Amino acid sequence: MSLVSPTMEHMEPIARLFHLHSLTVEDIVKARQRPKLEILGDYVFIVARTVHYDPSPVDSTNEFIETNELHIIRGKDFVLTIRHGDVPIPDNVRHRLERSPQLTSVGPASVAYAHLDWLVDDYLHIAEELEEKVDTMEDQVFIPDSPVHIEPIYMLKRENLEMRHALDPMTAVLKTLTVTKGTAGKSVRSLYGDILDHHTIAADRIIVYDERLSTLLDSAVAKVSLQQNTDMRKISAWAAMAAVPTLIAGIYGMNFDNMPETHWAAGYFIVLIVMLSACVGLWMIFRRNKWL
């Protein structure tokens, strides 16, 4: 049986039918639960986070990672799945079960396994997509003389953190499913071990991406600071070059009577030559010191 965002009215008859604990029903109805596993009586209650990935380009506004909630209740002779949010029905889960009579022969535990296997495979796929985005971001930051925009890096780091919040708690859930006898039979627990290996790979990748993005963010901030320092040096150099003719013009613009140079026949041209020579000299100095 599969339910989508059920209310308390929907859950009450189902809880009576399958003898669900009131706390389980409350968690199902309220949702927004952290991934966890609970063994209550003769059934196992699993909460997991699904991840939806949007392959659109990274910018400062779009959210390309969206997490939703999937609940799985596995009893001796039944399986309930409860979906909160935009969680697609995994057709490949049904097809896999239909193609594997040996797997379905173990009972409801196979359905729970198939859902978790689909979920973790999706984690791995999204982790690979995120790696491409991180690689692209690194290339953009470290291209010489290229402009740096920090907002997309923040956005990518935030979305990677959203992915990490979904994956990290699932490690404990899968470990418990693997080693605890009450969760499933021995054959299914060995399959959970394979899911745990895949999940560990995905979780490790997300941690590495987070570290790479932190380093990338520091590098981008340093590059922006360097660009600002370079811009300030250029502005200062041009201001210094403009200050020399301004100073000379200001001196000879005071209109004192006792200024012999103002009566020279070549005084005007001499002042122009001095201004030009001073500006050219400063330009050469700044150019040699790579300020311009």
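Are aspartate 27 and lysine 36 buried or exposed? Both are buried, where buried means under 20% relative accessible area, exposed means over 50% and partly exposed is what falls in between, using a 1.4 Å probe and protein chains only. The two side chains also form a salt bridge, with their closest N and O atoms 2.8 Å apart. A salt bridge here is a side-chain nitrogen of Lys or Arg within 4 Å of a carboxyl oxygen of Asp or Glu.

Some ground rules before going on. The model is predicted, so local features need pLDDT of at least 70 and side-chain atom pairs count only at pLDDT 80 or more, while totals for chains, interfaces and linings use all residues. Residues are numbered from 1 along each chain as its sequence is written, and side-chain values use heavy atoms, with hydrogens and water left out.

**Overall layout**

The protein splits into domain 1 (2-226) and domain 2 (229-289), with bounds that come from an automatic or database domain assignment. The C-alpha centres of the two domains sit 68 Å apart.

For "transmembrane region", the unreviewed UniProt entry lists residues 235-254 and 266-286. UniProt positions are given in the numbering used here, feature names are shortened, and annotations may be inferred rather than shown by experiment. In the model, residues 235-254 are 85% helix and 0% strand, with end C-alpha atoms 28 Å apart. Residues 266-286 come out at 95% helix and 0% strand, and their end C-alpha atoms are 30 Å apart. Helices (H or I, at least four residues) and strands (E, at least two) are DSSP runs, numbered from the N terminus.

**Helix H1 and its two ends**

Start with the loop between strand S1 (2-4) and helix H1 (8-18), which is where serine 5 lies. Serine 5 has a phi near 45°, a positive value in a residue other than glycine. Most residues other than glycine have a negative phi. Serine 5 is partly exposed, at 38% relative accessible area.

Then comes H1 itself, whose buried residues are Met11, Ile14, Ala15 and Phe18. These four cover an arc of only 105° around the axis, so they end up on the same side of H1; the arc is that of the directions from the helix axis to the C-beta atoms. They pack against S1, H2 and strand S5 (79-84), with contact meaning heavy atoms within 4.5 Å. On the other side of H1, Glu9, Arg16 and Leu17 are exposed.

Just after H1, histidine 19 takes a positive phi of about 60°. Histidine 19 belongs to the loop between H1 and helix H2 (22-30) and counts as exposed at 64% relative accessibility.

**Salt bridges**

There are eleven salt bridges in the structure. Here are three of them, with the distance between N and O atoms:

| aspartate 27 | lysine 36 | 2.8 Å |

Aspartate 210 counts as buried at 13% relative accessibility, whereas arginine 164 is partly exposed at 23% relative accessible area. Through shared partners, salt bridges join Lys157, Arg164, Asp168 and Asp210 into one network.

**Lysine 223**

What does the side chain of lysine 223 have 2.8 Å from one of its polar atoms? The backbone oxygen of isoleucine 143.

Lysine 223 is found in helix H7 (residues 186-251) and counts as buried, at 17% relative accessibility. Leaving aside neighbours within four places in sequence, lysine 223 is in contact with Val141, Phe142, Ile143, Asp145, Ser146 and Val148.

Definitions and conventions. A polar contact is a pair of N or O atoms within 3.5 Å; within protein, one must be able to donate a hydrogen and the other to accept it, and residues adjacent in sequence count only if both atoms are side-chain atoms.
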